[in-house]
Amino acid sequence: MKLVVGVSGASGAPYAKKLLDFLAEHGPAHGVSADLVFTETGKQVWAQEIGGSPKYPFKAWSNRDFTAPFASGSSMYDAMVVIPCSAGALSRIAYGISVDLVGRAADVMLKERRKLVLVLRETPISLVHARAMTQVIEAGAFVMPASPSFYSGPRTIDELVGTVVARVLDRLGLPNELMKRWTGLTPRHRADEPDDSSEV
Ligand SMILES: Cc1cc2nc3c(=O)[nH]c(=O)nc-3n(C[C@H](O)[C@H](O)[C@H](O)COP(=O)(O)O)c2cc1C
């Protein structure tokens with residue numbers, strides 16, 4: 001699988017880090033090669049939320065470099081994830097405003113009918129965002145809000161982040177164990193938690 005990972009300037013750099021860590025460790029075994037592109041604000045938010053600048057064994061492209069192979073449909077990339085995806089990036093993608101490499105690469109994914117996953121992080125959602133979401137979904141993208149889940153009992157922020165990234169990897173068809181899978185109801189309380197709740 002040839003994959004593009006775009007990182008834009010929404011809060012949620014830990015989601016990008018978790019995905020990139022997974023791909024760096026397990027990508028080769030799954031036959032996945034990744035290309036990486038950060039928006040300018042994506043780099044700023046990473047510095048704020050993670051610290052420093054990202055260092056990965058992937059080819060990293062400037063967001064202004066339209067010579068990247070995945071800026072053309074003929075390069076036959078399989079999928080792209082924008083994680084996190086800002087409301088601005090969502091809106092640009094929804095309306096084909098390919099003024100940066102993230103937008104152009106996403107535009108290519110849509111026109112070539114390839115897999116595009118947008119991990120949107122914004123709240124509240126305005127009508128502008130909702131319409132942009134509708135537009136990209138109708139065009140074939142998956143909008144996967146950065147919306148962690150709790151039913152698997154995550155105990156750390158890292159595990160909570162994993163509940164989002166696991167579902168992104170699922171969408172890409174990449175086997176992963178970043179979260180406990182739902183197998184039905186399990187006892188509510190763990191041994192280290194006193195059961196002092198009252199019945200509702
Ligand atoms: C620390 C920080 C956090 C931000 N969080 C969000 C966010 O969660 N969602 C969002 O849509 N924009 C957020 N923004 C604003 C975007 O960065 C801004 O709209 C920018 O133009 C997005 O550009 P990009 O899509 O090229 O990365 C944030 C900005 C900063 C500096």
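In this predicted model, the buried residues of helix α5 are covered by elements that include α3 (87-94), β5 (115-120) and β6 (142-143). Those buried residues are His-129, Ala-132, Met-133 and Val-136. Seen down the axis of α5, they fall within an arc of 105°, so they line one face of the helix.

**Helix α5**
- The helix spans residues 127-138, which makes 12 residues.
- From first C-alpha to last, α5 reaches 16 Å, close to the 16 Å expected at 1.5 Å a residue.
- An α-helix has 3.6 residues a turn, so residues three or four places apart point the same way.
- Leu-127, Arg-131 and Glu-138 are exposed on the other side of α5.

**Ends of α5**
- At the start, a side-chain oxygen of Ser-126 comes to within 3.2 Å of the backbone nitrogen of Val-128.
- Just after the helix, Gly-140 has a positive phi of about 115°.

**Strand β4 (residues 79-85)**
- Side chains in a regular strand alternate between the two faces of the sheet.
- Both faces of β4 are covered.
- Ala-79, Val-81, Ile-83 and Cys-85 are buried on one side.
- Met-80, Val-82 and Pro-84 are buried on the other.

**Strand pairing**
- β1 (residues 2-7) and β4 run parallel, joined by four bridges.
- Leu-3 has Ala-79 of β4 as its bridge partner.
- β4 and β5 also run parallel, joined by five bridges.
- Met-80 stands opposite Leu-116 of β5.

Note on methods. Residues are numbered from 1 along each chain as its sequence is written. This is a predicted model: local features need pLDDT of at least 70, side-chain atom pairs count only at pLDDT 80 or more; totals for chains, interfaces and linings use all residues. Side-chain values use heavy atoms; hydrogens and water are left out. Helices (H or I, at least four residues) and strands (E, at least two) are DSSP runs, numbered from the N terminus. The expected span of a helix is 1.5 Å times one less than its number of residues. Buried means under 20% relative accessible area, exposed over 50%, partly exposed in between (1.4 Å probe, protein chains only). The arc is that of the directions from the helix axis to the C-beta atoms. Contact means heavy atoms within 4.5 Å. A polar contact is a pair of N or O atoms within 3.5 Å; within protein, one must be able to donate a hydrogen and the other to accept it, and residues adjacent in sequence count only if both atoms are side-chain atoms. Two strands pair if DSSP finds at least two bridges between them.
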